[in-house]
Number of protein chains: 2
Amino acid sequence: MKRIILSTAFLLICSLACAQQALWGVAPVVSPEIHNDNTVTFRLKAPNARQVQVTGDFLPTQKVKTPYGEFDAPGVADLTQVDGVWEFTTAEALAPELYSYTFIVDGLKINDPSNVYTIRDVVSVTNVFIIGGERADLYKVNDVPHGSVAKVWYDSPSLGMQRRLTVYTPAGYENGKKRYPVFYLLHGMGGDENAWSELGRAAQILDNLIAQGKAEPMIVVMTNGNAALQAAPGESSLGYAAPSIQLPKTMEGSFETAFPEVVKFIDSTYRTIPKKQSRAIAGLSMGGFHSMHISKQYPDMFDYIGLFSAAIMPDRQVQSPIYDNLEEKLAVQFAKKPALYWIAIGDKDFLYQANCEYRKMLDQKGYKYGYYETGEGHIWKNWRIYLTEFVPMLFK
Amino acid sequence: MKRIILSTAFLLICSLACAQQALWGVAPVVSPEIHNDNTVTFRLKAPNARQVQVTGDFLPTQKVKTPYGEFDAPGVADLTQVDGVWEFTTAEALAPELYSYTFIVDGLKINDPSNVYTIRDVVSVTNVFIIGGERADLYKVNDVPHGSVAKVWYDSPSLGMQRRLTVYTPAGYENGKKRYPVFYLLHGMGGDENAWSELGRAAQILDNLIAQGKAEPMIVVMTNGNAALQAAPGESSLGYAAPSIQLPKTMEGSFETAFPEVVKFIDSTYRTIPKKQSRAIAGLSMGGFHSMHISKQYPDMFDYIGLFSAAIMPDRQVQSPIYDNLEEKLAVQFAKKPALYWIAIGDKDFLYQANCEYRKMLDQKGYKYGYYETGEGHIWKNWRIYLTEFVPMLFK
């Protein structure tokens, strides 16, 4: 039987790939290049471009005027061209962090063709890179035991559909018999059941904190808080419809009312400890709003509650039994002395004042809670920090 | 307690998002737009561009010359500009299929900023869209019961590392007690444990075929066939290193030798039917090579074998006991009469001739196998087709 020299086949495949690269204009440059001193060089091969810029959260923010006021937006830096390759190197070392960026070529925003790593945040897709060290080492995949991440569908009779959630089970779950506490982790408006595992680096943070002995092994359940949807954009029967920042069934009571279905599904499907003392709930922005209202509506369900940059009060025009008798329900919840009620926010967050007022009310009533304040505003950098702070306090 | 009108907060968030969109140049155009007659319009807002083209597998292929010969590459079409918006509409309706495309702006390949849906194929990231109908309806998320898809780590003592795999469990697995057959589904060179679930639409194909009663409910295990790696690019402790098309430990025996570890892990972790009659293995290209060599090396492990556009013979220079005594091992395997030995390939595949020679040898020996030939070459379109054909034949 004749042997085929497969090296030839490899050459053919590589050749095809190279031909495609040449055809498709994939730039044969390294970008981003993270130097040993943590400065970073961005490169784009674009001989025909007249202007190339980079924008991202690694640059100082700049003010942007809108009809609703002035806001901080990511800064913009110019790349300079030599022999068709545009380049920009940061003036200073970047602090450890997960950063996102895009290029702007002659006014058109594009992803970096040299960097295959992107994350979608609501309607924008950006490239990402990590500067390691300090807290950002928790965001990396390290050589530690890894938990599993599953995309799981459950039936929601009250919302009338199958819905998807993301479930992290800690290393050792699969081949063990142990039961675990459960942490429900909720996203913000425009997010979905992928947001915490992608932008939030939840699996990496849990893997690393558990491996360091700083967090209890736990199951983490990341739901989809848009009650009109089955699943994240592109992953439901809506197909590849364009994602939307605002959806009809958010913060109007449906998701909160249906939440016990999720807990029931998780308790019947996974080896959980199905008790209040072994359940936590936290979320960012709208997810903080959901966590606050769900935890007071079902005061025997969660012993650990986290509000990260939370929206607090419902729109006056929204009618739902969930939002009725707020103060009475809070009184019941706090009379039961939750193990942890924790509020975190950045001092430049547009919800900062609302959180101050909420804390003031809690103080006046004498309700105990933890408080953690950072700089900056309503951004994923803060939510990753809050997660790394919150998780070690759970189930201890 | 003062109520905050959250509509205002929504406006702020939307305003910020719009500001970002304006800043980041996200094009406020719809692209791709799939018309009712299945023609498709691509649009890009790029007032400063001098030339905009689209390339993708929805266009007729064109010949590309390389040092190794002429190859078919995706075609290229020109967009025309009106008021800063470039546009191209296909002349004819597109056939049902999952298509991928990118734009080329003044020679620079970019992803479509109006389409957040992308898939990475080895070193290229392209946008995707689906034209429904016929077989392509199997590639869509439909309103049918959905299986779960998990990213799971297992310990590989022989490769000296934790490694990741993707596991599809059929709808009903979580809350049932039933045991299931297992189908091991392997990727090609440059691919990874994500390839079949992303480019291959494996979960959608399984969900739909099972819901239609055409396939048995089964577990599908998608491994990482690059024995030097823990996991897909970006998901291992290598961090966001650039992916490579060729790796040192592929097709040299390591992966095949270590394969029983995978089967052992799956059988000890999931509710499987741990018998030859309830195990299948198939793969594309290098994965077909792996399936062929693993199934003959362990002739009591798999009763269903699929070679999709398979590489067949090892490089002469590669030394591994796995590749020794090939004909004797095949004789043992076929003497045990596998329930299905199935070969599929496109008539323009660069491995077509090698597969003809392999089939000729099987014919000469009188070994029974199924054969399925399509048009075109070494492309995902064919591998999705082969999956939809192979799965209904399993475990019956």
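A: Start where two domains of chain A meet: nine residues of domain 1 touch twelve residues of domain 2 (two residues are in contact if their C-beta atoms, placed from the backbone, lie within 7 Å). This is a predicted model, in which local features need pLDDT of at least 70 and side-chain atom pairs count only at pLDDT 80 or more, while totals for chains, interfaces and linings use all residues. Residues are numbered from 1 along each chain as its sequence is written, and chains are lettered from A and ligands numbered from 1 in the order in which they are written.

Domain 1 of chain A covers 27-132 and domain 2 covers 139-393 (the bounds come from an automatic or database domain assignment). Their centres, taken over C-alpha atoms, are 31 Å apart. On the domain 1 side of the contact, the elements giving two or more residues are strand E9 (97-105) and strand E11 (118-121) of chain A. Helices (H or I, at least four residues) and strands (E, at least two) are DSSP runs, numbered from the N terminus. That side of domain 1 of chain A holds five nonpolar, one polar and three charged residues. Here Ala, Val, Leu, Ile, Met, Phe, Trp, Tyr, Cys and Pro count as nonpolar, Asp, Glu, Lys and Arg as charged, and the others, Gly among them, as polar.

Now move to a sheet. In chain A, four strands form an open sheet in the order E1-E2-E8-E7, with antiparallel pairing (strands pair if DSSP finds at least two bridges between them). Strand E1 (33-34) and strand E7 (80-82) of chain A are at the edges with a single partner strand each, so one side of each has no neighbour in the sheet. Strand E2 (residues 40-45) and strand E8 (residues 85-89) of chain A run antiparallel and are joined by five bridges. One pair to find is Leu44(A), whose bridge partner in E8(A) is Trp86(A).

Look next at the loop between helix H1 (6-24) and E1 of chain A, where Pro32(A) lies. The peptide bond from Ser31(A) to Pro32(A) is cis, with omega near -10°.

Follow chain A to a parallel pair. Strand E19 (residues 340-346) and strand E20 (residues 370-374) of chain A pair in the parallel sense over five bridges. Across that pair, Ala344(A) stands opposite Tyr372(A) in E20(A). E19(A), helix H7 (residues 352-365) of chain A and E20(A) make a right-handed β-α-β unit. Right-handed is judged with the strands pointing away from the viewer: the path from the first strand over the helix to the second runs clockwise.

Then come two helices. Helix H5 (residues 286-297) and helix H6 (residues 326-335) of chain A pack at about 75°, with their axes 8 Å apart. Axes are lines fitted to C-alpha atoms, for helices over the stretch in contact, and angles run from 0 to 180 degrees between N-to-C directions. H5(A) and H6(A) are therefore roughly perpendicular (angles under 35 degrees count as roughly parallel, over 145 as roughly antiparallel, 65 to 115 as roughly perpendicular and the rest as oblique). Ser295(A), Lys296(A) and Gln297(A) of H5(A) meet Lys329(A), Leu330(A) and Gln333(A) of H6(A). By class, the residues of this contact are one nonpolar, three polar and two charged.

Turn to chain B. An open sheet of four strands has the order E1-E2-E8-E7 in chain B, with antiparallel pairing. Strand E1 (33-34) and strand E7 (80-82) of chain B are its edges, each with a single partner strand, so one side of each is left without a neighbour in the sheet. Inside the sheet, Lys45(B) has Val85(B) as its bridge partner in E8(B). Asp83(B) sits in the loop between E7 and E8 of chain B. Its phi is near 55°, a positive value in a residue other than glycine. A cis peptide bond joins Ser31(B) and Pro32(B), with omega about -10°.

Strand E19 (residues 340-346) and strand E20 (residues 370-374) of chain B run parallel, joined by five bridges. The chain crosses from E19(B) through helix H7 (residues 352-365) of chain B to E20(B), in a right-handed β-α-β crossover. Ile345(B) stands opposite Glu373(B) in E20(B).
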